[in-house]
Amino acid sequence: MLKKRIIATLVVRQGIVVQSIGFRTYLPVGRPEIAIEFLNDWGVDEIVLLDISATVEFRGPDMAMVERVAKRCRVPLLVGGGIRTLAHARELVHSGADKVAFNQASLQTPDLLTQVANVLGNQCVVGAIDGLRTTSGYKVYDYVLGQTTSQDPTDLAQAMVRLGCGEIFIQSVDRDGSHQGFDLPLIQAVREGVDVPVICCGGAGGAAHFVEVFEGTDVHAASAANIFHYTEHSVTVAKAALLRAGVFVRNDARANYLENLLGKNGRLEKKTDQALEEMLFVRIEKEVI
Amino acid sequence: MRNAISALGYCKVVLSCEPQVIAQANAIILPGVGAFAECAHNLRERHLDEILGEVVLKRGTPMLGICVGMQLLADFSEEGGRHAGLGWIPGAVRRFELPKEYAVPHVGWNEVRPMRREHLFSNLSESPNFYFDHSYHFQCAPEHVLAHCEYGLSVVAAVQRNNIFGVQFHPEKSQNNGLKLFRAFLNAVGSC
């Protein structure tokens, strides 16, 4: 059976990973290759690398960075930001990206999406949509201009799939960095509108929010950025909480936290004194492949 | 791909489309990126189908095809019209036709059930997780199926015919399970 995916999103600005809050405030986190190495070790299912300064600075994707990052990445890597030509997409794939992401700006050159899909396959092309809740329903947000457009996110998702996208990445702008949980109505609307897999992003504040989005919608994958940066093993703890709630996810990491106590919000709690006492004598050999 | 094999400690990994280099290889991995037609066209245009036939079919050098690289082993694919493959493992590549609740492409981690463990799955568990990402799937005779997975129907996840191996999933993107599979394949070089 196909498992739900837990994805880490790394927002990169001027070459460093940043914590993004509401698409306005950015706090530095660190070098992308280090972040990838940790996330990989914690058993994340996929990594999304979004370069938010490429389009703004009128440049193409940072191939050297993607190459450095891919060297340490043993999970699928989705790269977005600044892809304006077929050559960009091709070079990204050669640098180690598995999929490339396009946002609403790509609709100005709709042929590009179709062209990339024809050459690299639909599974390689992801449509990224920034959705914003307004008084007149959900609208697409243009982060380059910093403006809300009049387009409905579900309509945009359908248009992108028609052009050749094999996956949709729906991000909630107002929930971004808020720790309030995913925007379930937005996600479900987009999910019902298309036949391809949907990844949701924006608002996760803890393991409980992952349980909420998988129980409340049919979304295929959930992504978070900020919470994964600041807590050790946060990916594995989120997966342990999901497995407990009966959501089918992959949890192959040796430290799988299935025996641990999880608090109300899905946070890890101290083991019992007796369990800690017994652990003193467990020796875990490093796995040789 | 190369990053993953290098991580296992192999230092003579060469990414090449040169016939001379391919002719000297002890083992060949045929990764597939992109659409079937584009891959098949590139192989033929560079005359790589001939050299691979010489090396793999006549000399018996082990080969592992990944994703589209596995689909290329089939007689033909229906992706973007009908296109001929290498025809080394009789079969066809067709688009998924699944009930509405199954999204296409089939993307994500799925449990793979090996029919037999020897070679590729020798150091993996009974149902290891691997990462899939494809809209078309391989249909072939049961004797060539090495493993399958469930996605609305029983999907062929790995094939084998003598020294020719193919996997539909991406071992290079499947963390430790993928590295174990590569190790098993490369350990089998010389014994199959």
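I began with the polar contacts between chain A and chain B and counted 19 residue pairs, both residues at pLDDT 80 or more. The model is a predicted one.

Next I asked which elements of chain A supply two or more residues to the side touching chain B. They are helix H2 (63-71), helix H3 (86-95) and helix H4 (110-120) of chain A. H4(A) gives the most, with three residues. I sorted the residues of that side of chain A by type and got 14 nonpolar, eight polar and 15 charged.

I then looked up salt bridges and found six between chain A and chain B. One of them joins the side chains of A:Arg90 and B:Glu38, at 3.6 Å from N to O.

For the extent of the interface, I noted 37 residues of chain A in contact with 33 residues of chain B. The two chains bury about 3000 Å² between them, 49% of it on carbon and sulfur atoms. In chain A, the residues losing the most area to chain B are A:Leu2, A:Arg74 and A:Ile289, together 28% of what that side buries.

I turned to the sheet of chain B. Six strands make an open sheet with mixed pairing, in the order S1-S2-S12-S11-S10-S7. S1 (28-32) and S7 (113-114) of chain B each have a single partner strand, so one side of each lacks a neighbour in the sheet. S7(B) runs antiparallel to S10 (residues 145-150) of chain B and is joined to it by two bridges. I checked B:Pro114: its bridge partner in S10(B) is B:Ala147.

Last, I looked at helices on this sheet. Helix H4 (residues 48-58) of chain B packs there, touching S1, S2 (63-67) and S12 (164-167) of chain B. The direction of H4(B) makes about 130° with that of S1(B). Helix H6 (residues 175-188) of chain B also touches S1, S2 and S12 of chain B, at about 155° to the direction of S2(B).

Terms used: Residues are numbered from 1 along each chain as its sequence is written. Chains are lettered from A and ligands numbered from 1 in the order in which they are written. This is a predicted model: local features need pLDDT of at least 70, side-chain atom pairs count only at pLDDT 80 or more; totals for chains, interfaces and linings use all residues. Side-chain values use heavy atoms; hydrogens and water are left out. Two strands pair if DSSP finds at least two bridges between them. Helices (H or I, at least four residues) and strands (E, at least two) are DSSP runs, numbered from the N terminus. Contact means heavy atoms within 4.5 Å. Axes are lines fitted to C-alpha atoms, for helices over the stretch in contact, and angles run from 0 to 180 degrees between N-to-C directions. Buried area is the accessible area (1.4 Å probe) that two parts lose on being put together, summed over both. A salt bridge is a side-chain nitrogen of Lys or Arg within 4 Å of a carboxyl oxygen of Asp or Glu. A polar contact is a pair of N or O atoms within 3.5 Å; within protein, one must be able to donate a hydrogen and the other to accept it, and residues adjacent in sequence count only if both atoms are side-chain atoms. Ala, Val, Leu, Ile, Met, Phe, Trp, Tyr, Cys and Pro count as nonpolar, Asp, Glu, Lys and Arg as charged, and the others, Gly among them, as polar.
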